[in-house]
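Good morning, and thank you for making time for this presentation. Please keep the sequence and the model in view while I speak.

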Amino acid sequence: MKVLIPTPLLSYTRTREVEAEGGTLSELLADLDRRYPGLRFRIVNEQDGMRPHMRFFVNGEQVFDLERALRPTDAVQLVQALSGG
Amino acid sequence: MGITRKLAARLTKPKAAPERAPRRGARGRVLVLVATRKGAWLYHGDARRRTWRVDGPHFLGHIISHLMLDPRDGRTLLAAAKTGHLGPTVFRSTDFGRTWKEAARPPAFAKAPEGEKGRVVDHTFWLTPGHASEPNAWYAGTSPQGLFRSEDGGVNWEPVSGLNDDPQYRTWMGGEQDGTPDGPKLHSVIVDPRDASHLYMAMSSGGVHESLDAGRTWAPIVRGLEVVEGFDAENVGFHDPHCVRLCPSNPDRLYQQNHCGIYRLDRPSNEWTRIGRNMPRRVGDIGFPMVVHPRDADTAWVLPMDGTTVWPRTCPDGKPSVYVTRNGGKRWQRQDSGFPESQSWWTVKRQAMCADVLDPVGLYFGTTSGELWGSRDEGERWACLARNLPEIYAVEATALA
């Protein structure tokens, strides 16, 4: 499925839109990390929590559960909510 | 001054020749590594340390808490990095920053059992190269407080469980509100140059600690240290060391800048002496960094900060100064030649002041207002090396072969 990548993670993917696979958001992130090593830990911590200011959207709907099921036709967006100076 | 140093050298008598003590009169070109809240810069000095070639920014926009060159191979750089929003990681370069590669497994706490709240590394704060006999070993201190070790040059990091998971130490580490404004920090990780298994580390807050078995077990060394009025000094968790340094020329001597004064410890004693009592009263003995001479264990420097009233932690009276002792803290001398004479409200963080190993020793520090200062003559005269940098978090100097 298509995954939209925020600019702070372009150092990993080099492109805004990438392909990755997974039956759940967690599996998708694992696949992204295989393709782009190190990416997952920048957005999900060691306790499997989404890092502050990182937001995950599936078909435009915000998702908070990494075990959320995904279909191959879903569009996933990773968004960084910038704050501070 | 020379006579005093010779006498002191005879009196201190280190037990064994330290492995990493730089030779007297060491020469070479100095590389100054500057880590800031918005990236890192490398300053390459000429042979006389008069002109500096700037290389940077590296990691523009990234928070770099510490940047260290491995003295064992003279070319491996590690950078402790995160951004305001992305998680913490470590980058590694073996070509002086031309290319960087991210750690495969950055410092991270173990996953907590289901139903329990686990700890999360907010940022890696401190990097220490391991012992000379362990060429790929590194230590990292984090916020919240944790100690991590890499055995492959900083590629993969594992928690030092003997500390991180010890119930007593979990108590002393406290919670997220028990440390500095951006989180409690484990810092000042020190490897005894005579013994790879002999480690020190400090926690702000949480005291100074020692391990004799490579980190498997730890014991506090806080006797003689004072705590903030109203708190109980018997509680190790209330102790707030800001920076601890071991003297390369006498590894049995440590100096410490604490939240509550400047101290010296001569092992095997476990009792610190508050040598900051000998500072001028109007200046006080509050500050963050502590710097030791590479060849003279009686010489050390501090950069005093205002610790009165609401603790501004800026230069007292807006007049920057460094203070040096040449006799182990019995007397202190002011060094301010070259600094602005007034209206300079600098803050210098605990990692942001250091010495090189040349003769005479060069000193360097960076301010939170983005100025880098240096002295080529052990603090006698100072010059501004760079202005208008972001908030400086750490400054390290190393002599290149």
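Let me begin with a definition: two residues are in contact if their C-beta atoms, placed from the backbone, lie within 7 Å. This is a predicted model, in which local features need pLDDT of at least 70 and side-chain atom pairs count only at pLDDT 80 or more, while totals for chains, interfaces and linings use all residues. Residues are numbered from 1 along each chain as its sequence is written, and chains are lettered from A and ligands numbered from 1 in the order in which they are written.

I start with B:Gly28. Which residues does B:Gly28 contact, leaving aside neighbours within four places in sequence? They are B:Leu358, B:Ala399, B:Leu400 and B:Ala401. B:Gly28 sits in the loop between α1 (2-12) and β1 (29-36) of chain B. Helices (H or I, at least four residues) and strands (E, at least two) are DSSP runs, numbered from the N terminus. B:Gly28 has 16 other C-beta atoms within 10 Å, so it is partly exposed. From B:Gly28 to B:Asp46 the C-alpha to C-alpha distance is 8.9 Å, and the two are 18 residues apart in sequence.

Next, chain B as a whole. Chain B has three helices and 27 strands. The radius of gyration of chain B, taken over C-alpha atoms, is 20 Å. Of the 401 residues of chain B, 51% count as buried. Among contacts in chain B between residues at least 6 apart in sequence, 52% join residues at least 24 apart.

I turn to one sheet of chain B. Two strands pair if DSSP finds at least two bridges between them. An open sheet of four strands runs in the order β3-β2-β1-β27 (chain B), with antiparallel pairing. Its edge strands, β3 (52-58) and β27 (392-400) of chain B, each pair on one side only. Strand β1(B) pairs with β2 (residues 39-45) of chain B over six bridges, in the antiparallel sense. Within this pair, B:Val34 stands opposite B:Trp41 in β2(B).

B:Val34 also leads us to the core. A nonpolar core is a set of buried Ala, Val, Leu, Ile, Met, Phe, Trp, Tyr and Cys residues joined through C-beta atoms within 7 Å. The largest such core has 103 residues, of which B:Val34, B:Ile64, B:Ala79, B:Tyr364 and B:Val395 touch the most other members. A second, separate core of 17 residues includes A:Val3, A:Leu9, A:Leu25 and B:Leu86.

Finally, chain A and the contact between the chains. In chain A, an open sheet of five strands has the order β2-β1-β5-β3-β4, with mixed pairing. Strands β3 (residues 54-58) and β5 (residues 75-80) of chain A pair in the antiparallel sense over five bridges, and A:Phe56 has A:Leu78 as its bridge partner in β5(A). The contact between the chains takes 16 residues from chain A and 15 residues from chain B.

Key: Rg over C-alpha atoms; globule rule 2.2 N^0.38 Å. Buried ≥ 20, exposed ≤ 12 C-beta atoms within 10 Å, placed from the backbone.
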